[in-house]
Amino acid sequence: MRYRLIPAVVVIAFTVSSSPPAHAQWAVYDGANHVENVLIAARTLQQIDNQITSLANQAQMLVNQGRNLASLPLSALSTLQSTISQTTALLAQAQNIAYSVQSVERQYQQAYTSVSSSMSDSALFSQAQTRWQNSVGGFEDALKLQARVVGNIPSDSSAMTQLVSASQSSTGALQAAQAGNQLLALQSRQLSDIQAELAANGRATALQQARDAATEAESDAQYQHFSQHDAYVPGTVSMFGGSGN
């Protein structure tokens, strides 16, 4: 028995001694390297965030530029031009003596400064009639223009309301500037109306004053005509068939 056990122990010992030694598998943690990796990732994320912010700012800048360059959808220019054209046409319809230096010089010389005692009564009457027609026509023209100016008030009020509303609700600098320019154009057109009305009133007043001055000269000419007639000579007048003494 002893002889048989010894080989078995030897075999077991040989087997144990001949098996390869086992090595332990342990994970190695490098703290410094981990911290460095985290810092690098944080800096990378910060750069990406900065780039996103920059792109967002650029996009907003482009949006603002688009708003600033957007044109105002409302335009009152055609209406203002039409109103000015109507006022100009009304001034061009001035009766008898037009708004022209040449016309004033010619017609004023004929009807207002050419009165003389050498003129016949019919010529004096004709000139007086012309002056009267000029004065009446001048006042009529002034009244028409005043009616036109007053008639423009409702449309001007509507245009002003629309332009102010457009200016307040404008999305950019260009729209606000265009609304302001159109308001200035409306104001200029209103000033043109006032100027035209003052001119028409002044014309009517000047024609009436010229007529008054010419009437004085006409009265003097008529007196000269009357004084040139033979003096009155009294005579005997018979009444009721009797003879006078």
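Biologist: Which conventions apply to the numbering and to the predicted model?
Modeller: Residues are numbered from 1 along each chain as its sequence is written. Local features need pLDDT of at least 70 and side-chain atom pairs pLDDT 80 or more, whereas totals for chains, interfaces and linings use all residues, and side-chain values use heavy atoms, with hydrogens and water left out.

Biologist: How many helices and strands does the chain have?
Modeller: Helices (H or I, at least four residues) and strands (E, at least two) are DSSP runs, numbered from the N terminus. Read from that terminus, the elements run α-α-α-α-α-α. The count is therefore six helices and zero strands.

Biologist: What percentage of the 245 residues in the chain is buried?
Modeller: A residue is buried under 20% relative accessible area, exposed over 50% and partly exposed in between, with a 1.4 Å probe and protein chains only. By this criterion, the buried share of the 245 residues is 19%.

Biologist: Which residue forms a salt bridge with glutamate 218?
Modeller: A salt bridge requires a side-chain nitrogen of Lys or Arg within 4 Å of a carboxyl oxygen of Asp or Glu. Glutamate 218 lies in helix H6 (residues 173-227), and it counts as buried because its relative accessibility is 11%. Its contacts (heavy atoms within 4.5 Å) beyond four places in sequence include Val115, Leu124 and Arg131. With the closest N and O atoms 2.9 Å apart, the salt-bridge partner is arginine 131.

Biologist: How many residues apart are glutamate 218 and arginine 131?
Modeller: Both residues are buried. The pair links distant parts of the chain, with glutamate 218 in helix H6 and arginine 131 in helix H5 (residues 121-168), at a separation of 87 residues.

Biologist: Is tyrosine 112 buried or exposed?
Modeller: Tyrosine 108 is partly exposed, with a relative accessible area of 34%. For tyrosine 112 the value is 6%, so this residue is buried.

Biologist: The charged end of which residue sits over the ring of tyrosine 99?
Modeller: A charge sits over a ring if NZ of Lys or CZ of Arg is within 6 Å of the ring centre and within 35 degrees of the ring normal. Here the charged end is 5.3 Å from the centre of the tyrosine 99 ring, and it belongs to arginine 203.

Biologist: What separates the C-alpha atoms of leucine 183 and valine 164?
Modeller: Leucine 183 is found in helix H6 and touches Met160, Leu163 and Val164, leaving aside residues up to four places away in sequence. Leucine 183 and valine 164 are 19 residues apart along the chain, and their C-alpha atoms are separated by 7.9 Å.
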